Structures are given as structure tokens and as C-alpha cells.
Amino acid sequence: AVVSTQSTGQQKDQQYLIWELITTEHNHLKLLSTMINTFKEAVVRLQADGFLTKVDRSSLFLNIDQIREVHLSFWDQCCHRLVEMVKETGDALDVEILATCQCALFEKEANPLFEYCTQVLASKDYIKSKQEKIPEFKDFLEWSDNYLRTTLNNKLGMDSVLIMIIQRIQKYPIILENILKKTTGGARGEERE
């Protein structure tokens with residue numbers, strides 16, 4: 001296995017970085033699910049009751065459902081497999097699993113992420129514009145911000161959470177490169193040697 005060829009310190013660093021990827025991905029999925037299951041669903045229900053009818057959900061939430069699907073795919077193909085293997089075997093996290101599944105997030109599913117990135121600033125402007133024009137929307141944003149603070153311990157507002165999605169996308173190459181630096185042997189290490 002890859003980890004058996006590493007020094008103890010290097011292996012610990014690598015394992016820490018992989019666990020960091022797994023835990024931050026889990027937290028990111030929780031945030032995306034909150035955006036969809038709580039905030040988007042609240043707008044749907046409010047609009048069904050005749051409130052916030054002048055708010056366009058697609059301008060507000062963009063393609064966040066597709067973004068969550070991309071991350072769920074990455075979770076299922078990679079993170080969950082890593083965790084389950086550790087549970088079953090008691091062995092260290094296998095970087096080979098990570099090496100074989102990282103492409104699912106970037107190559108196969110890049111289109112929804114690209115679309116989101118190109119539209120998020122327009123969404124932030126849309127939120128600001130509607131907040132100034134529709135008092136009920138301002139109330140909704142205050143409620144969502146309070147929900148984020150109290151439930152998810154997130155000090156940012158909903159418009160900032162939209163940017164966090166882009167920041168998460170930008171972190172993957174850094175996290176994966178750091179894991180690669182702590183990996184010797186195996187498929188990825190042999191490419192570097």
C-alpha cells in the first residue's frame with residue numbers, strides 16, 4: 001500500500017490532509033443542503049402563499065441543485081468510500097481511492113460548476129437589488145442569515161455563502177496538491193519520481 005512506504009510523519013500529514021478533505025466536503029454538503037432544503041424550499045412555500053412572488057428563484061439560487069449533485073457524486077465516489085474502507089479494515093485512508101475519484105468532480109461534472117461561477121456575481125447583485133426593493137425579501141434574508149448563524153454557526157450571510165461555493169471549488173487543487181506532496185509510491189507518487 002502507499003502508506004506503508006511513507007515515513008510516520010509524512011503518513012500522518014497525508015492522513016490529516018485527507019481527513020481534512022473529507023470533513024470539509026461533509027460540511028460543504030451540509031451547507032448546500034441547507035441552501036436547498038431550507039432556504040430554497042422556504043421561498044417555494046412563500047411564493048405558493050403569495051409572498052415573494054417578484055423573486056426569481058433561479059436568479060437567487062442559480063443551479064445550486066446541480067452543484068449539490070456534483071458534490072454528492074464526489075462524496076459517494078470518493079469520500080464515503082474512503083471512510084467505509086477505514087471502518088471495514090481499520091487501515092489508514094487509502095490515497096489510491098482519492099487518486100482514482102478526484103476526476104469525477106472536475107472533469108465529468110465541470111459544466112455545472114463553470115455555469116455557477118460565471119453567474120454568481122450577477123446573483124449577488126440580484127439579491128442586493130431585490131433586498132432594496134422588496135421589504136419581505138429583506139426580512140427573508142435576515143431570517144436566513146440568522147438561521148445560518150444559529151444553526152450552522154456560520155457568521156456569513158446568504159449572499160456570502162454563494163461565494164463560498166466558488167471558494168470551495170478553488171480549494172480542491174490546493175488540497176489535492178498538498179496530499180500529493182505527502183504521497184510517495186503508488187500511482188501518483190510514481191508519476192512524480
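**View 1. The largest nonpolar core of this predicted model has 31 residues.** Here a nonpolar core is a set of buried Ala, Val, Leu, Ile, Met, Phe, Trp, Tyr and Cys residues joined through side-chain atoms within 4.5 Å; buried means under 20% relative accessible area, exposed over 50%, and partly exposed in between (1.4 Å probe, protein chains only). Look for Met 35, Leu 60, Phe 61, Tyr 116, Phe 137, Phe 140 and Met 158, which touch the most other members. At least two residues each come from helix 1, helix 2 (57–61), helix 3 (64–89), helix 6 (110–133), helix 7 (135–151) and helix 8. Helix 1 gives the largest share, seven residues. Helices are DSSP runs (H or I, at least four residues), numbered from the N terminus.

**View 2. Met 158 and its contacts.** Contact means heavy atoms within 4.5 Å. Setting aside neighbours within four places in sequence, Met 158 is in contact with Met 35, Phe 39, Leu 60, Phe 61, Phe 140, Leu 141, Ser 144, Asp 145 and Leu 148. A second, separate core of 20 residues includes Leu 29, Phe 74, Trp 75 and Ile 179.

**View 3. Helix 1 (residues 8–48) against helix 8 (residues 158–181).** The two axes, lines fitted to C-alpha atoms over the stretch in contact, come within 11 Å and cross at roughly 160 degrees; angles run from 0 to 180 degrees between N-to-C directions. The pair is therefore roughly antiparallel, a term for angles over 145 degrees. Helix 1 passes helix 8 in a left-handed crossing, meaning that the near helix is turned anticlockwise from the far one by less than a right angle. Among the contact residues are Leu 17, Leu 21 and His 28 of helix 1, together with Ile 165, Arg 168 and Tyr 172 of helix 8. By class, this contact has 16 nonpolar, five polar and three charged residues. Asp, Glu, Lys and Arg count as charged, Ala, Val, Leu, Ile, Met, Phe, Trp, Tyr, Cys and Pro as nonpolar, and the others, Gly among them, as polar.

**View 4. Helix 1 against helix 3.** These axes come within 10 Å and cross at roughly 145 degrees. Helix 1 passes helix 3 in a left-handed crossing. Their contact divides into 16 nonpolar, five polar and four charged residues.

**View 5. Lys 171 of helix 8.** Lys 171 counts as partly exposed because its relative accessibility is 47%. Its C-alpha atom is separated by 9.7 Å from that of Leu 21, 150 residues apart along the chain.

**Notes.** Residues are numbered from 1 along each chain as its sequence is written, and side-chain values use heavy atoms, with hydrogens and water left out. In this predicted model, local features need pLDDT of at least 70 and side-chain atom pairs count only at pLDDT 80 or more, while totals for chains, interfaces and linings use all residues.

Definitions and conventions. Angles under 35 degrees count as roughly parallel, over 145 as roughly antiparallel, 65 to 115 as roughly perpendicular and the rest as oblique.
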